[in-house]
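Subject: Structure handover

Hello,

Please find the structure below. My notes on it come after.

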Amino acid sequence: MRLMSKAAVLIGGAVMLSLGAAGAQEEAEGDNWEDKPYIIEDGKVDYGVYNGFRRYHNTCHTCHGPDAMGSTFAPALVESLKDMSYADFTETVVNGRQSSGAGGSTSVMPSFGENPDVMLYIDHIYAYLKARADGEVARGRPERLDPENDPVFQEYQESQ
Ligand code: HEC
């Protein structure tokens with residue numbers, strides 16, 4: 001089990017659900033979860049990536065575009081996640097961000113720190129976006145691993 005994320009500290013035990021998923025992946029990969037937060041076999045993705053796809057398209061796609069491709073007013077997260085750390089990612093999503101552009105325009109990333117639909121699944125959203133940024137997941141709805149062969153799904157279920 002890795003350390004609690006900043007998001008988890010901010011909103012307490014709620015994020016433990018998604019951290020459970022991270023734990024399974026860490027064991028399965030034997031690697032640093034933040035660098036490779038997904039399991040993909042024969043093009044099929046683990047439950048975290050799959051759920052991240054769904055959550056992303058519930059909340060984030062309206063600004064960041066379908067499949068994280070970006071829009072005229074919000075960056076393409078498929079590019080951002082190429083060199084954004086997990087800590088910077090969660091910090092941005094929890095607290096939001098704002099910057100002013102030329103001609104007095106303001107660009108606003110809302111804060112999701114109090115939105116359980118995002119906070120509970122922030123590791124899944126991260127896993128999906130990281131897999132997109134690494135070129136491991138194509139556009140569109142990914143196909144899921146068989147639950148029998150998906151340690152992330154099994155651990156997630158046990159945590160419910
Ligand atoms: C209302 C529109 C909107 C929504 C919804 C939204 N974002 Fe953003 N997001 C933005 C804008 C605009 C920026 C750029 C902010 C800036 O210029 O500093 C941004 C920036 C970011 C960044 C930093 C990207 C970079 O290259 O530095 C991340 C990460 C991010 N958003 C993740 C998310 C996630 C995950 C969700 C869904 C939970 C989400 N956003 C939902 C508008 C939005």
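Predicted model: local features only at pLDDT ≥ 70, side-chain atom pairs only at ≥ 80, totals over all residues.

Residues are numbered from 1 along each chain as its sequence is written, and side-chain values use heavy atoms, with hydrogens and water left out.

Ligand site

H64 (NE2) and M109 (SD) coordinate the iron atom of the ligand at 2.0 to 2.1 Å. Donors here are N, O and S atoms within 2.8 Å of the metal (3.2 Å for Na, K and Ca); water is not among the atoms, so sites may look incomplete. The site has six donor atoms with angles of 88 to 179° among them, and is octahedral (six donors, opposite ones over 155 degrees apart and all others between 65 and 115). H64 belongs to helix α4 (residues 61-64) and M109 to strand β4 (residues 106-109), so the pair, 45 residues apart, links distant parts of the chain. Helices (H or I, at least four residues) and strands (E, at least two) are DSSP runs, numbered from the N terminus. H64 counts as buried because its relative accessibility is 9%, the limit being under 20% relative accessible area (1.4 Å probe, protein chains only).

Around the ligand there are 23 residues, of which C60, C63, H64, S80 and M109 come nearest; a residue is included if one of its heavy atoms lies within 4 Å. A polar side-chain atom of S80 lies 2.6 Å from an oxygen atom of the ligand. For the side chain of R97, an N or O atom is 2.9 Å from a ligand oxygen; for that of S99, the distance is 2.7 Å.

Strands

Strand β3 (residues 97-100) runs antiparallel to β4, joined by four bridges; strands pair if DSSP finds at least two bridges between them. Q98 stands opposite V108 in β4. Five residues lie between the strands of this hairpin, where G103 takes a positive phi near 70°.

An open sheet of three strands has the order β1-β2-β5, with mixed pairing. β1 (40-41) and β5 (143-144) are its edge strands. Strand β2 (residues 44-45) runs parallel to β5, with two bridges between them, and V45 stands opposite R144.

Helix α8

Which residues of α8 are buried? 12 of the 12 are, so α8 is largely enclosed by the rest of the structure; among them are I122, Y126 and L129. After α8 comes G135, with a positive phi near 75°.

Regards

How values were computed
Tetrahedral: all angles 85-135°; square planar, octahedral: opposite > 155°, others 65-115°. Buried < 20%, exposed > 50% of the residue type's maximum accessible area, 1.4 Å probe, protein only. Polar contact = N/O pair within 3.5 Å; in protein donor to acceptor, adjacent residues only side chain to side chain.
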